[in-house]
Amino acid sequence: MKKQILTENDVTPEDVFLNRRKFLIGVGAVSGNMILPNTSIANPVIDRRKPLNAIKDTPNTLPLTPENKVIGYNNFYEFGVDKGSPAQYAKNFKTDPWKVEITGEVQTPLTLDLDDLYHRYPLQERIYRFRCVEAWAMVIPWIGFELKALLSDVNPTSNAKYVIFETLYDPEQMPGQKNYFFGGGIEYPYIEGLTIAEAMHPLTLLSVGLYGKTLSPQSGAPIRLVVPWKYGFKSIKSIVKIRLSATRPLTTWNKLAPQEYGFYANVNPNVPHPRWSQASERIIGRGGLFDNKRQPTLLFNGYDEVASLYNGLDLKVNY
Ligand SMILES: Nc1nc2c(c(=O)[nH]1)N[C@H]1C(S)=C(S)[C@@H](COP(=O)(O)O)O[C@H]1N2
Ligand SMILES: [Mo]
């Protein structure tokens, strides 16, 4: 009989496809002085984070994932493919000074600095469910502002149909960009994209903090995207460029493994990942009795208010 309940070991992480491919094409020797990450959850360093004030406008009905799990169990392949690697290798990641450039199909291009990120828009705390394509889930109190507010400021032209995001490219600081194997075979910089309608939805946040403080480097400091109805890989970290475009971008995971990672990437229990089911999800670290508990996956991660964005679109074809 087929196992109904999956354990972590049954769920193949996002990089396995790549590792297999790398062996086939014969690349990926680890250089001699490369230190390999340990596989355990690293002890996160949190002392670089500063307190942030934010308006709390969501009543909290969901039990939060413990903070140490949220900042100690991460996907940030620029700092290694292991879940404990980012906490370890992003420790000294320099996020100050920082600039984010907003260009492309806009009437008024804009460059934001760190001060703008924290003060230009009123910061809000939003408690969102967060779901990785690897079938694990967390509940996180993000702090940030609506992407919509920023987009209104740059006055998109009528040609703007997509919003494209780019992560910092700095191989000196990001060991995964220096070493193909360590970085999971991704061609950097990491790129993501949304339709303009998705980007303008009030649920879509640019986040600058979590749990009352600025983001830790492993969470994508100083600024990352949060799109709660989509798989985690859409939520690109450490953004330096936002470009509005008439055409759809080829995004990082979509380019690497198109049959596994679609452009839309909406959480959809009815579309299994080719190598595992998406029907249920493992809740990360609530501890005690609830540890490793599974729950059924909800369409759009439970955010039904976004359904109208996809009217007339076949969500099995457009996965
Ligand atoms: N630049 C960049 N952004 C990224 C990734 C990455 O490897 N590089 N991983 C993505 C994936 S697969 C997930 S699940 C989320 C994880 O976010 P978290 O570490 O805050 O949980 O970040 C996303 N953003
Ligand atoms: Mo992910």
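In the predicted model, Ser280 is in contact with Arg131, Ala135, Arg294, Gln295, Pro296 and Thr297, its neighbours within four places in sequence being left aside. Ser280 belongs to strand S12, which covers residues 280-283. One of these partners, Arg294, is also reached through a polar contact: the side chains of Ser280 and Arg294 approach to 2.9 Å.

The protein as a whole comprises 319 residues, of which 54% count as buried. Its secondary structure consists of eight helices and 13 strands. Among contacts with a separation of 6 or more, 74% are accounted for by residues 24 or more positions apart.

Aromatic rings were examined next. A pair of aromatic rings is described by the distance of the centres and the angle of the planes. The count comes to 15 aromatic pairs. Tyr77 and Trp253 form one of them, with 5.5 Å from centre to centre and 75 degrees between the planes, an edge-to-face arrangement. Tyr77 lies in the loop between helix H2 (67-70) and helix H3 (85-89), whereas Trp253 is in helix H8 (residues 252-256), so the pair ties together parts that are 176 residues apart in sequence. Tyr77 has a relative accessible area of 3% and is therefore buried, the limit being under 20%. Trp253 likewise counts as buried, at 3% relative accessibility. The pair of Phe263 and Tyr264 is also edge-to-face, because the ring centres are 5.4 Å apart and the planes stand at 85 degrees, over the limit of 60. Both Phe263 and Tyr264 are buried.

Charged side chains lie over aromatic faces at two sites described here. Arg129 lies over the face of Tyr303, at a distance of 4.8 Å from the ring centre.

Helix H5 spans residues 147-154, and its buried residues are Leu147, Leu150, Leu151 and Val154. These residues cover an arc of only 100 degrees around the axis, which puts them on the same side of H5. An α-helix has 3.6 residues a turn, so residues three or four places apart point the same way. Just after H5, Asn155 adopts a positive phi of about 50 degrees, a value found here in a residue other than glycine. Asn155 is located in the loop between H5 and strand S6 (162-167). With 33% relative accessibility, Asn155 counts as partly exposed.

A positive phi is also found at Asn301, where the angle is about 55 degrees although the residue is not a glycine. Asn301 is situated in the segment after strand S13 (294-296). In contrast to the partly exposed Asn155, Asn301 is buried, with a relative accessible area of 2%.

The bond from Tyr188 to Pro189 is cis, with omega near 5 degrees, and Pro189 is in the loop between helix H6 (175-178) and strand S7 (191-195). The bond that joins Ala221 and Pro222 is cis as well, omega being about -5 degrees. Pro222 lies in the loop between strand S9 (213-214) and strand S10 (224-226).

Ala221 also takes part in an interaction with Ser238: the backbone oxygen of Ala221 is 2.7 Å from a polar atom of the side chain of Ser238. Ser238 occupies the loop between S10 and strand S11 (239-245). The relative accessible area of Ser238 is 0%, and the residue is buried. With its neighbours within four places in sequence left aside, Ser238 is in contact with Phe76, Phe93, Trp98, Glu166, Thr167, Leu168, Gly220, Ala221, Ile223 and Arg224.

Terms used:
Residues are numbered from 1 along each chain as its sequence is written. Chains are lettered from A and ligands numbered from 1 in the order in which they are written. This is a predicted model: local features need pLDDT of at least 70, side-chain atom pairs count only at pLDDT 80 or more; totals for chains, interfaces and linings use all residues. Side-chain values use heavy atoms; hydrogens and water are left out. Helices (H or I, at least four residues) and strands (E, at least two) are DSSP runs, numbered from the N terminus. Buried means under 20% relative accessible area, exposed over 50%, partly exposed in between (1.4 Å probe, protein chains only). Contact means heavy atoms within 4.5 Å. A polar contact is a pair of N or O atoms within 3.5 Å; within protein, one must be able to donate a hydrogen and the other to accept it, and residues adjacent in sequence count only if both atoms are side-chain atoms. Rings of Phe, Tyr and Trp (its six-membered ring) pair if their centres lie within 6.5 Å; planes under 30 degrees apart count as stacked, over 60 as edge-to-face and the rest as tilted. A charge sits over a ring if NZ of Lys or CZ of Arg is within 6 Å of the ring centre and within 35 degrees of the ring normal. The arc is that of the directions from the helix axis to the C-beta atoms.
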